[in-house]
Amino acid sequence: MCAEAVQTDLKRKFAEYYTRKQPPLPPDYAQREYGFGFEKKIDYRHKAFGSAREFAEYFAVQAPLYASYSTAVYRYPDARPMEAKEWLGADLAFDFDVPRLPKEHFASPEHNPIVCRKCLDAILKDARQLVEEYLTGDFGFSKQDVTLVYSGSKGYHVHVRAQAVRALGQEARRRLLDYIKGPKDLLERVPDNRKIMLRGPTASSAGWNGKFYSRALAALETVESMRAFGLSKAKAERINNERERSLALLAKGNWDFQPGLEKFWVAVFEETRREHSLEPDAQVTLDLARLIRLPDSLHGSTGFLAATVAKPNFDPLRDAIAFSWRRTERVNAKEAFCFELANETIEVKQGENELPEAAAVLLAGKGKLVN
Amino acid sequence: MAEDLTGRYPFLAAARKSLRDAGVSARDLDEAKTRVRAALERKPVLPAGGNAARDYALDRLLVFALDDSLALKRYARETAKAYARRLADEEDEGFKAVARELLPSLADDYSVGVLDFITNAGNLAGEDVSKGRVLLGREGAVRLLRYALETRLLTYSGSRAKIPAEVTHAASELKPLLSAFKPARLFKGSLYALPCIQRIRAGVPEGKRYYGAMALAIALNADGAPRERALAELEDYAERCGKGTDEFSKREAHTTVDWIYKHPGIMLSCRTLESQGLANEAECAKCARRRFRRT
């Protein structure tokens, strides 16, 4: 099988799949623009569908390797240029595709270039944090309006489909991103009679102020926890001995109840940011005409489903598998690989192998097959 | 809504009723010029009395007729500040009646919805945010109202072509005043020579071509390049851009140049370049324009 034949085979597999099952229609499907990829991620865009039947037929007949839809809704979604579409609003979308892991991970054998569980877990953790802490937490969106979707490859997308977000402009969306990323500082240095007083969040603070205040309380819990943030033993013990007074002052927003605490608070604040700050891909959130992977469509680089994450123990390497695990395929691998899929370790040797269909499609999508 | 409130706050929807039969005399226009001039000199005088709604509308029309983004920003900021000061002294009932028109989600405890907040102001992270509400207190609500009004004052949905000739003429008389308050330390170098602009000039992929074209045209216009040169440069740029699913046509390139050259007040925004992925941090760190950056 030559490279072209592998690609043809992948297309045939996708066609078989889409004949049986098509992705569900997104909300307001007729007002969305669609983009499809047959070789690269988007070869063809400005497509619109007037009926559910037309949508289903397109997938069954064309079997695209990649399917995307617009976060925006338009009066004329297939018109071009873009201005002619008449933008009516856009969902709020977030994209996480970079795992926050130490650089060493990517050079270590622990990182699997075919499918890396550690990377996927790290990204899912961030996406879940966005949903729970920010979207349904601080921002108060209802759970029904927020959908977490696996991208089908390395990342996760979060869609907020509340009517209220549709009219938000780029600047307002940037402000939400700024909040999620976190402030640079939350302490005010107030001049007072030739002294600088540190004023900050209080016991009733919420949002980032509340997060910082809670982290500060935890840091002040014991002499050891204070020392972990670089406070000297003497200062930590003094605060500990005057615990009640110190906490009462802090509750009122007085952050220099002892002299020389500024560096300590800077360290505590950095830790607060490390715990709570998130950095989704800003361009996806800011782009008001973004095409994003269509939920529950297939991803051409893996054969996985861009599955909606509904259950708490979602595992993409189990729950996003679209192709058969029982049926097998004979394939010719460019080199030897070992990766995890469907709770099993798949060992592929260079040359001919008999693999579960899902694993064969994954390797074909990754361009790891020859012949 | 009480009539005295619409007189004090002529931006309220209820004030528009009185606009229906409002005529404008040469004297009204002169007074509008005086008020706009005062706002640009940071000593705003708010329209007052029975014709406040008409005068407010006239002032705004005059500012838009100036077609100068810096003047518009200054007018909006100064006018919004003055109304916010007036609002701060209002009784609770009047304050909330006015405030709820600009901030529909304002609650009795002076909290607003997160979306209302971010539509009007930044630095959400510095506020107390909980379950979709931003807990502002009255002082914070006044501050947010000021931003909300400033946003409203910056927005003009009408067509400049339809501005009456008398107003356009009055605006032209105000024009010489503008140079007096322009910041002296604006970047004086060539925008076209900036590294990000030069990289854009080499062509950008689909999805970035439109903003890229805007940036190039703004830079050329700001540098004083003749329109013909801008057209030629943008045609070359269109050729060099990624073709993607559709090419970026010469016609689109020409439209961009025409638009920018008709609106010389549009400035190059570093922030937009960054958010569109047309500039990167490393490049910006070394940029000569950085220390003049205001956007």
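These legends walk through several close-up views of a predicted model.

Residues are numbered from 1 along each chain as its sequence is written, while chains are lettered from A and ligands numbered from 1 in the order in which they are written. Because this is a predicted model, local features need pLDDT of at least 70 and side-chain atom pairs count only at pLDDT 80 or more, whereas totals for chains, interfaces and linings use all residues.

**View 1. Helices H11 and H12 of chain B.** Here the axes of H11(B) (residues 227-240) and H12(B) (residues 250-262) come within 9 Å and cross at roughly 145 degrees. Axes are lines fitted to C-alpha atoms, for helices over the stretch in contact, and angles run from 0 to 180 degrees between N-to-C directions. Among the residues making the contact are B:Leu231 and B:Leu234 of H11(B), together with B:Ala253 and B:Val257 of H12(B); contact calls for C-beta atoms, placed from the backbone, within 7 Å. By class, this contact has eight nonpolar, two polar and three charged residues. In that scheme, Ala, Val, Leu, Ile, Met, Phe, Trp, Tyr, Cys and Pro are nonpolar, Asp, Glu, Lys and Arg are charged, and the others, Gly among them, are polar.

**View 2. The side of chain B that touches chain A.** Across this interface, 21 residues of chain B are in contact with 29 residues of chain A. Helix H6 (114-120), strand S2 (128-130) and strand S3 (133-135) of chain B each give two or more residues to it. H6(B) gives the most, with four residues. The side of chain B seen here has seven nonpolar, eight polar and six charged residues.

**View 3. The open sheet of chain B.** Three strands line up in the order S1-S3-S2, with antiparallel pairing; strands pair if DSSP finds at least two bridges between them. S1 (111-113) and S2 of chain B are the edge strands, each pairing on one side only. Neighbouring strands are turned by 30 degrees against each other on average, direction ignored. Look for the three bridges that join S2(B) to S3(B), where B:Leu135 is the bridge partner of B:Asp128.

**View 4. Strand S3 of chain A and its partners.** Five of the five residues of S3(A) (residues 66-70) are buried, so the strand is largely enclosed by the rest of the structure. A:Tyr66, A:Ser68 and A:Ser70 lie on one side, with A:Ala67 and A:Tyr69 on the other. S3(A) pairs with S1(A) (residues 34-37) in the antiparallel sense over four bridges, and A:Ser68 is the bridge partner of A:Gly35. S3(A) also pairs with S11(A) (residues 291-293), antiparallel over three bridges, and here A:Tyr69 has A:Ile292 as its bridge partner.

Technical notes
Two residues are in contact if their C-beta atoms, placed from the backbone, lie within 7 Å. A residue is buried if 20 or more other C-beta atoms lie within 10 Å of its own, exposed if 12 or fewer, and partly exposed in between; C-beta atoms are placed from the backbone.
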